[in-house]
Amino acid sequence: MSHSPDKTPSPNPNLSPRSPASSKRSKALSSPDLWFKVQSPKNAALKMHIKSLSAISSASPPSDTDFSLLTGFQSSALDPSVPDYTLLLSDELLLQIFSRLPLSHYVSNSLVCKRWLYLHGRLVQSLKLTDWSFLNSGRIFFRFPNLTEIDIVKACIRTPRNSGILLTHKNLSVHIDTQFSRTEFIEQNDLLPYDFLDSGLQMIAKRYPNLRRISAFGASETGLLSISNECEMLQELELHCCGDLSLKGISQCRNLQVVKLIGSVDGFYTSVVSDIGLTLLAQGCRRLVKLELCGCEGSYDGIKAIGQCCQMLEEFTLFDHRMDGGWLAALSFCSNLKTLRLQSCKIIDSSPGPDEHLGSCPTLEELHLQQCLMRDKPGVKALFLVCEAVREIVLQNCWGLDDEVFGSASLCRRVKLLALEGCASLTTGGLEAVVLDWKDLQKLRVISSNKIKDSEVSPALASLFSVLKELKWRPDTRSILSSSLAGTGLGNKGGRFFKGLKG
């Protein structure tokens with residue numbers, strides 16, 4: 001269990017709780033500092049009162065909590081001859097004190113005694129579960145009674161945690177056997193039975209009705225339906241290895257705002273999320289604001305259903321999508337979309353269709369493409385055409401982005417910010433041909449793009465640099481543009497937001 005970002009050791013390796021309490025505190029006061037730092041008559045009277053009550057130091061905590069339920073946790077042995085002054089403090093006051101301590105102190109403080117262990121458990125609101133038995137036994141509900149966020153993904157997978165080999169993907173980390181010889185790292189036999197998962201989700205729904213966020217792996221319709229019915233405040237949902245039919249279980253989550261669906265992950269597991277699942281999601285969760293689809297299938301119909309039903313959708317992410325050709329045209333139904341992200345996509349759109357049928361997203365502000373294969377010229381052109389109203393374009397480590405492909409970005413004439421990183425095929429001429437047409441351009445960032453050369457910067461491009469509000473120019477490590485332009489005043493017209501050029 002790791003209570004804090006600094007990875008402090010935990011008394012139970014099966015848990016990773018986190019608390020919203022602030023960790024940016026300069027110094028945490030100890031108990032003597034809290035009570036005796038300020039010497040006053042009032043403190044002196046308190047000392048005399050504590051001394052007169054020292055006989056109760058060995059008594060049990062003033063609570064009717066059944067600490068026997070907290071099995072598996074060891075409290076440190078205290079000297080019985082030393083009075084326990086904290087017995088004079090109520091649980092509410094101690095909770096106020098504990099909530100102001102740095103996160104790094106949580107684990108050590110919870111080991112003082114069973115009372116402190118219990119109280120610290122009440123502060124924890126976010127938890128990552130790695131051992132299903134802790135949930136199945138019910139201990140989790142007594143140890144952490146106030147959870148609002150829970151991640152049970154790792155607990156749903158039966159993998160050899162003592163193998164010493166940890167395989168990590170963007171969305172998942174699993175231990176694998178040294179004798180591994182299968183085609184996929186996670187197969188059906190590696191998952192808990194559906195009845196176990198359903199029972200666990202039903203227990204979570206019953207004991208945590210105020211749940212705001214949950215992450216699960218391989219959940220069925222029955223288990224998710226219990227979450228939908230009991231957890232009316234649920235706002236965020238992350239589902240791994242989910243299928244179309246399982247999404248019927250979240251049709252009652254009326255307040256869901258953030259959903260992340262991981263259908264298939266190459267080499268790890270395979271499941272199918274198609275137009276059927278996307279339509280079920282759209283019809284049941286109409287308040288979606290943010291949607292992320294990873295390894296999901298679908299087509300024009302599924303994206304259209306999301307756009308028509310989820311009219312509050314503002315952020316849409318596609319990671320390694322397997323969409324059929326023509327899906328781009330459905331984005332025009334997302335009438336309130338502000339941010340579109342494509343990550344690790346092998347193709348943009350295999351068959352976008354005629355330009356006049358594509359439509360556009362008039363409210364779009366940001367377009368991000370990261371690690372995408374952009375040799376699909378018709379698909380890239382169709383993407384920029386749909387996103388013609390975009391204000392910010394970020395292209396990061398995209399393969400195949402040459403001058404011709406990038407030239408399609410000239411369709412977006414309202415761009416104010418362009419950020420290029422790792423665009424190894426784009427030349428200075430290709431960059432200039434586009435940015436000179438953007439009359440509203442205010443910020444330009446070019447990083448690690450080796451074919452963009454200082455020596456090829458034309459007077460027209462240099463003139464554009466001089467009026468930008470922000471310029472970050474590091475196309476390669478040999479860039480000497482900053483030194484060659486020293487004393488010319490380049491960039492001074494951009495105001496205080498201009499960032500100096502670095503070689």
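**Exercise 1: An aromatic pair**

Tyr208 is buried, its relative accessible area being 2% (buried means under 20% relative accessible area, exposed over 50%, partly exposed in between, with a 1.4 Å probe and protein chains only). The model is a predicted one, in which local features need pLDDT of at least 70 and side-chain atom pairs count only at pLDDT 80 or more, while totals for chains, interfaces and linings use all residues. Residues are numbered from 1 along each chain as its sequence is written, and side-chain values use heavy atoms, with hydrogens and water left out.

Task: Classify the pair formed by the rings of Phe141 and Tyr208.

Solution. 
Step 1. Rings of Phe, Tyr and Trp (its six-membered ring) pair if their centres lie within 6.5 Å; planes under 30 degrees apart count as stacked, over 60 as edge-to-face and the rest as tilted.
Step 2. The centres of Phe141 and Tyr208 are 5.4 Å apart and the planes stand at 50°, so the pair is tilted.
Step 3. Phe141 is also buried, with a relative accessible area of 5%.

**Exercise 2: A second pair**

Task: Classify the aromatic pair of Phe465 and Trp473.

Solution. 
Step 1. Centre to centre, Phe465 and Trp473 are 5.0 Å apart, with 55° between the planes.
Step 2. This pair is tilted, and both Phe465 and Trp473 are buried.

**Exercise 3: A charge over a ring**

Task: Determine where Arg207 lies relative to Phe142.

Solution. 
Step 1. The criterion requires NZ of Lys or CZ of Arg within 6 Å of the ring centre and within 35 degrees of the ring normal.
Step 2. Arg207 lies over the face of Phe142, 5.6 Å from the ring centre.
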